[in-house]
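Q: I am new to this structure. Please show me how to read its main features.

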Amino acid sequence: MEREKKKWRDILHRLLDITLFLAKQNLPFRGHREDFVSENGGNFSELVSLLSNYDHVLKEHSIRLQQSLESGLIPVSYLSPAVQNEFISLLGDAVKQELICEIKKAKFYGILFDSTPDISHTEQMSQVIRYVKIDNRNVEVKESFLGFIPLSGKKADSITQEIVQSLEKDGLDLKLCRSQGYDYASTMSGIHTGVQTRIKEFNPKAIFVPCANHSLTLCGVHAFGSVSVCVTFFGTLESVHTFFSCSTHRWEVLKETVGVTVKRLNDTRWSAHHDTVKPIFKHFEKLVKAVEKLCDASENLDTRGAAEVLMTNICNFNFLCFLHLWYHILLKVNHAQKYLQIEGISLEKNVVKLKSLKTFLVESREVLVHNAVEYATQTCAEMGTDIESRKRKRVKKMMPGEIAKDAV
């Protein structure tokens, strides 16, 4: 009996080590089919098969499974997807408990929560705990991810309940929380009914510190959203990516003519707009040539029509003005947002960086606009494009009597 127990214990140890290796390397476990006749049963099964060539314990286990299957029996293999999931869950729980012990040892902590939909369109909230770890006089500020929390609602009340219940489940005392960090969405940061206010009802010492990066992103979103021509400009940028990316032929023409590719806008992080504006500003003349090639009569009707519309939109005085203006603004914003993401950076340095960005925008405002207008004027002159925009005039509605009178 003891020998049998030892045999299964040795097998489980090896299978757990394989599970730990795949999890650590962030590799998928399963293949399309995991039976013994499959040519590729996935990373887990194939690793078991590989190690069985060098390990007698796994070798004997594989031979025993093969003989049982040939005899028509259903053997106990510990290789099924259900067992793999159990291994992953057990290892995850062990890691989480170790992290919770570190947090409790530190006593005071801060909470960081953020929600996002996953690939199955399920809203889930990530739970991160910030604390100070002191080990042999080595002081380290750590941020430990404890898991995802499925959200049943998006209102502040339900989110607050989920956060409190999650902390209670992990055995963390909310009274020992000293900070809370979320994005600047009104649901989370609202001073009257937001999540941060509701958490303070449980613990007034939990100071709310909003995400500086998200705050800067909202500044950009509201800045361009308040001006209709800016909305049109960024809409045109998005149409550039859409035009080239919807066809492999167009994409090849873009790469051959321009040498770089264009990127789509990303509303999650405002600094990502810089990655969209940069290649178009740096290679505008080449981009125009690429669009001109696709206006050729040899192209199909859809490509020619879309290319001609795009050409009209980008060879435009307003577009060129905003292309120059936003490139230089987003260059500074992008640098600031990347600076704010430096690991271990202090709050004082963040404040200094944001103040310097504000100073640049205020003091360089007139210069930025003047340079943008000069750039657009010069580029329009080189391309032979009219600077004045020709808008359709509104026709005044006239009564039949007025039309006759006007005709006379």
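A: Start with the surface: the protein chain exposes about 26300 Å², and carbon and sulfur atoms supply 55% of that area. Accessible areas come from the Shrake-Rupley method with a 1.4 Å probe; for residues, only the protein chains shown count as cover. This is a predicted model, in which local features need pLDDT of at least 70 and side-chain atom pairs count only at pLDDT 80 or more, while totals for chains, interfaces and linings use all residues. Residues are numbered from 1 along each chain as its sequence is written, and side-chain values use heavy atoms, with hydrogens and water left out.

Q: What average pLDDT does the protein chain have?
A: pLDDT is the predictor's confidence in each residue, from 0 to 100. Here the average is 84, and 91% of the residues score at least 70. Over residues 390-408 pLDDT stays under 50, and the model has 2 contacts beyond four places in sequence for them. A contact means heavy atoms within 4.5 Å.

Q: How many helices and strands are there?
A: Helices (H or I, at least four residues) and strands (E, at least two) are DSSP runs, numbered from the N terminus. The protein chain has 17 helices and 5 strands.

Q: What does the radius of gyration say about the protein chain?
A: The radius is taken over C-alpha atoms, and the globule rule is 2.2 Å times the number of residues to the power 0.38. A compact globule of 408 residues would have a value near 22 Å, whereas the protein chain has 31 Å. Its C-alpha trace spans about 115 × 60 × 50 Å along the principal axes.

Q: Why is helix 11 described as largely enclosed?
A: Buried means under 20% relative accessible area, exposed over 50%, and partly exposed in between (1.4 Å probe, protein chains only). Of the 11 residues of helix 11 (residues 272-282), 8 are buried, so the rest of the structure largely encloses this helix. Among them are His273, His274 and Phe281. The buried residues pack against helix 9 (228-245), helix 12 (284-293), helix 14 (317-340) and helix 16 (365-383).

Q: Where is Asn136, and what is its phi?
A: Most residues other than glycine have a negative phi. Asn136 sits in the loop between strand 2 (123-135) and strand 3 (138-150), with a positive phi near 50 degrees. Arg137 is found in the loop between strand 2 and strand 3, and its phi is positive too, at about 65 degrees.

Q: Is Arg137 buried or exposed?
A: Arg137 counts as exposed, at 81% relative accessibility. Asn136 is exposed with a relative accessible area of 70%.
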